[in-house]
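My entries follow in the order I made them.

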Amino acid sequence: MTTVATDAPVSVPGQSRLRMAQVLFGAAVCLALAKGMLPDALIRLPDSWVVPFADWFNAMFNFMRDDLGLIHVTRAFADGLDWFLDVTANLLYGKNRWPRIGPIPWSVIAATAAIVGYALNGWRLAAMSGLTFVWIAVMGQWQWAMETLSVILIAAPVSVLLGLVMGTLAWRSARFRAVLNPLLNVAQSLPHFAYMIPVVVFVGVGPKAGAIVTIIFSVPPMIRMTLLGLQKVPTEVIEAGQMAAATPWQLLRHVRLPTARTDILVGVNQVIMQCLAMVVLASFIGMPGLGQKLLQLLQALKIGRSFEIGITIVLLAVMLDRCSKAWAMKQPVHMEKGTPWAVRHRLFLIWVFATVVLWVLSLIFPILHEIGRREALSLAGPLDVAMDWIIATLDPVTQWLRWFLIVWVLIPLRDGMLWLPVSAVLVFLMSVGWAVGGRRSALICLAYFGLIALSGWWDRAMITVYTVTFSVFIATLIGFPAGIWGSRSARRAKTVLLVCDTLQTFPSFIYLIPVIMLFGVNDVAVVGAVVLFAAVPLIRYTIEGLRGVPDAQIEAADMSGATRKQTLWSVRLPLALPTIMVGVNQSVMFSLFMVIIAAFIGTQDLGQEMQRALSSSDVGKGMVLGLAVAFMGLMVDHLVTVWATRRRKALGMG
Amino acid sequence: MTDQKPVISCRNVWKMFGPQPEAYLAGLDPSATFEAIRADGYVPAVRNVTLDIARGEMLVIMGLSGSGKSTLVRCMSRLLDITAGAIEVDGEVIGDLSERQLIDLRRNKMGMVFQSFGLLPHRTVLDNVAFPLEMRGQDIHTRRARAMEVIELVGLGGREDYFPRELSGGQQQRVGIARSLAIEPDIWFLDEPFSALDPLIRREMQDEFLRLQAMLGKSIVFITHDFDEALRLADRIAIMKDGAVEQIDRPDRIVMEPATPYVAKFTEEIEKARVVHASALAGPVNGLSLSGVPVDGGKTISQLARLLVNDERAILPVAGPDGGVIGALDRQRALDVLFGEAQ
């Protein structure tokens with residue numbers, strides 16, 4: 001049905017659509033050129049036009065908090081959550097709370113992780129999971145890592161449960177789905193900080209606030225995957241259930257949900273990854289753990305130490321990702337008849353045995369229980385030396401690059417963006433919208449940016465726009481050729497995709513470490529981090545698009561005598577372009593998120609204001625800024641989706 | 001083999017897909033063509049179908065994809081609600097049943113096999129087969145024992161702990177068949193059960209199916225798009241086109257006397273001698289003087305070919321199943337069927 005909706009503007013003949021777009025583009029250029037003669041209102045909206053959205057949001061939140069008494073609800077929920085958090089905190093790092101068993105020796109946790117890894121996907125995953133925890137223990141980061149994990153351990157299941165319930169409800173009721181869908185769209189384009197401010201207001205700061213913000217942030221993908229999974233269950237399986245005379249509830253419980261298992265578990269994987277990303281960032285609202293440590297060390301420019309923590313976060317991310325993916329992909333296998341109980345439950349018995357032995361040993365050898373500061377290894381010394389050397393060697397290059405970028409690119413670009421009259425930008429966006437999807441898209445573009453203009457944050461927004469545009473441009477220059485290179489052979493594609501997958505599991509925060517190391521704390525570092533972060537989806541989708549071209553078409557091109565280059569330009573790229581554009585779309589989203597996160601190392605855009613809103617707990621301002629960022633993302637998303645859908649249809653690819 | 005009262009009886013059944021099917025159908029000109037209805041934005045998947053299925057009979061519904069055959073069988077099992085008309089199962093109008101009654105009906109009387117098997121991927125063969133019994137609330141021991149029985153019946157003994165993914169297509173469909181038989185249904189719906197299988201396996205499964213049917217003697221509605229399969233299995237065949245039944249009759253009669261040009265197109269390529277039985281071709285005795293050894297009426301003309309060519313009698317007596325003479329076969333007519341009409 002959605003395709004029908006997007007079809008409506010497309011049915012306008014392409015010719016007249018482009019004509020209109022040209023006229024609008026001309027008008028935008030005229031407006032820009034004639035800036036000197038324009039009335040002030042067309043250059044920047046007068047203050048009296050600015051709508052006090054922030055006050056409205058504040059009024060609404062205050063009403064909900066005080067008059068509706070929502071704060072009691074949230075506080076009660078938070079306290080309930082706190083109890084669970086105390087349990088994991090006790091088990092993992094020995095916080096003095098019920099059940100007062102912990103801390104569990106690190107050796108037992110490492111062994112457990114290894115056995116879980118083995119059960120899910122064999123020796124390699126076992127080694128990876130086990131060694132991750134050995135590394136954490138040996139590097140003396142146990143306490144922080146466990147603080148982080150203890151929150152994930154609670155937040156992830158709660159998110160999964162919430163997502164399952166809401167996804168099922170959305171699947172049951174078309175009306176609920178209609179309300180939920182746009183909300184999810186906005187929620188998934190809101191930058192992380194926008195979630196934190198209301199949580200600070202409603203819950204306060206600390207681990208429970210961290211857990212709650214993590215839950216809220218990670219629920220949307222679970223809802224989506226549950227809905228998708230339930231909708232994908234083959235009709236015949238459901239009919240088989242109906243003919244087996246299952247009641248609607250039996251049908252859901254025994255037929256639909258189990259059949260949707262893989263999609264639901266992919267949702268679980270996404271929840272876990274989002275949780276990790278958010279829990280690290282939640283250090284901004286006083287969530288202790290790896291994130292907080294990293295933030296402190298980065299701010300103190302202790303490169304070696306922050307690099308160590310970076311490795312830990314990366315290891316944890318990759319491990320959690322691999323394990324949950326392996327779980328999603330794992331298919332049931334039968335046991336031969338008459339297999340004894342002990343063999344059927346071999347891994348469980350091994351786990352019990354290992355736990356008992358290691359626990360006893362750790363009582364005898366305390367080093368297996370806890371590795372103290374003194375015994376812990378650290379690579380920080382040599383790392384710092386190496387880093388200093390690298391930085392010193394590269395310094396002429398980085399210095400020059402920094403100077404060149406700032407003086408010749410970034411500042412002129414920024415000044416240019418700020419110079420442009422509001423009216424010219426809006427008319428220009430309308431022309432783009434019209435070219436892509438006719439009047440409807442033009443109006444959508446106008447609405448999104450018009451609201452940003454009305455919010456009064458236009459200049460800040462333009463700085464964000466210029467950073468993102470420039471970064472995505474550079475990312476395309478890197479990602480596109482890299483993707484073409486990577487798609488040459490099936491083997492290379494597989495390797496590069498694996499690298500991209502791994503890079504995508506890293507929490508966004510991690511990308512800041514190398515750029516700060518190289519460029520210090522300034523705009524260039526921000527652009528660098530955004531480029532790194534945004535290039536990954538581009539490479540990935542370029543490869544997927546190019547490899548996804550059907551063999552028949554390539555063979556036809558080969559048999560027509562096309563050279564490899566001709567095949568690439570005339571067959572592969574045109575067919576891959578819709579997929580590649582999805583990559584561009586994601587790349588823009590990632591850039592927006594990254595620009596906002598990078599704000600704490602000093603930018604003058606929306607992100608900086610967001611940080612201020614966070615430190616002053618200004619919900620209204622935070623929401624307005626968050627929505628401004630979301631609207632940018634949603635506009636790009638709309639344009640790319642409309643374009644790619646039409647293109648796919650034209651190519652007969654569904 | 002028939003009983004007076006039909007097991008399933010469809011009376012002027014319509015199934016229309018579209019925005020407001022009931023209202024549209026009420027105002028529809030009865031002579032409207034399929035194309036005209038499509039042009040109005042409706043899909044008449046089943047058009048004015050009237051047919052009966054006798055107890056113990058196997059009715060094969062044959063048609064190309066989009067002819068409405070799968071929709072019709074889903075109406076009979078009320079997986080879909082019909083737009084107009086009435087369907088009775090064992091004398092009960094199933095459209096009037098409450099959800100509870102419908103569930104009871106399915107729990108006790110109906111089994112269905114699906115084209116792409118419709119197995120539950122997370123359950124073993126045993127648990128898949130036991131699923132309908134579990135829904136019925138039988139305890140684990142009874143339902144496992146019964147499931148094992150049916151698994152043995154379809155020849156999958158020893159594979160009960162496998163997961164569907166670990167089985168071949170033919171074996172998966174055996175699981176589907178076993179599941180549909182677990183509750184001992186009176187009525188057995190099979191929706192293109194063998195279409196997803198390789199030709200060789202398909203043949204094997206058809207034999208297996210005939211063996212089971214000979215043992216169980218259920219009332220069967222079998223859907224297929226394969227005319228050969230229909231001829232091979234059916235007591236009666238209903239040929240559907242654009243949602244309507246073109247002809248419903250015994251295989252011999254469909255082959256010998258196609259009712260419409262559409263049906264004739266299917267029968268053209270068929271080797272009639274392999275389908276037509278001597279009994280169907282035989283005329284009434286009516287005082288004809290018959291002599292000599294009678295031919296077996298249950299054999300096809302092609303099976304009798306050698307005898308027909310060598311025999312010199314102009315009229316041959318035909319014997320029924322009990323050995324008594326039931327008709328007279330014109331040898332020339334039989335030879336025409338065998339070799340094609342003389343030019």
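Entry 1, the four-stranded sheet. I found an open sheet in chain B with strand order S2-S1-S4-S5 and antiparallel pairing. Strands here are DSSP E runs of at least two residues, helices are H or I runs of at least four, and both are numbered from the N terminus. Two strands pair if DSSP finds at least two bridges between them. S2 (43-53) and S5 (92-93) of chain B are the edge strands; each has a single partner, so one side of each lacks a neighbour in the sheet. I counted seven bridges between S1(B), residues 8-17, and S2(B), an antiparallel pair. Opposite Lys15(B) I found Val46(B) in S2(B).

The model is predicted: local features need pLDDT of at least 70, side-chain atom pairs count only at pLDDT 80 or more, and totals for chains, interfaces and linings use all residues. Residues are numbered from 1 along each chain as its sequence is written, and chains are lettered from A and ligands numbered from 1 in the order in which they are written.

pLDDT is the predictor's confidence in each residue, from 0 to 100. Chain A averages 89, and 98% of its residues score at least 70. Over residues 1-12 of chain A, pLDDT stays under 50. Where pLDDT is low, the predicted coordinates should not be read in detail.

Which residues touch the most other members of the largest nonpolar core? They are Leu276(A) and Ala529(A), in a core of 188 residues. Helix H20 (422-455) of chain A gives the most to this core, 18 residues. A core is a set of buried Ala, Val, Leu, Ile, Met, Phe, Trp, Tyr and Cys residues joined through C-beta atoms within 7 Å. Buried means 20 or more other C-beta atoms within 10 Å of the residue's own, with C-beta atoms placed from the backbone. I then noted a second, separate core of 96 residues, which includes Val13(B) and Met76(B).

I found 24 residues of chain B in contact with 21 residues of chain A; contact means C-beta atoms, placed from the backbone, within 7 Å. On the chain B side, H4 (99-108), S6 (110-113) and H5 (125-135) are the elements that give two or more residues.

Two bridges join S11(B) to S12(B), residues 315-319, in parallel. Asp296(B) stands opposite Ala319(B) in S12(B).

Definitions and conventions. A residue is buried if 20 or more other C-beta atoms lie within 10 Å of its own, exposed if 12 or fewer, and partly exposed in between; C-beta atoms are placed from the backbone. Two residues are in contact if their C-beta atoms, placed from the backbone, lie within 7 Å.
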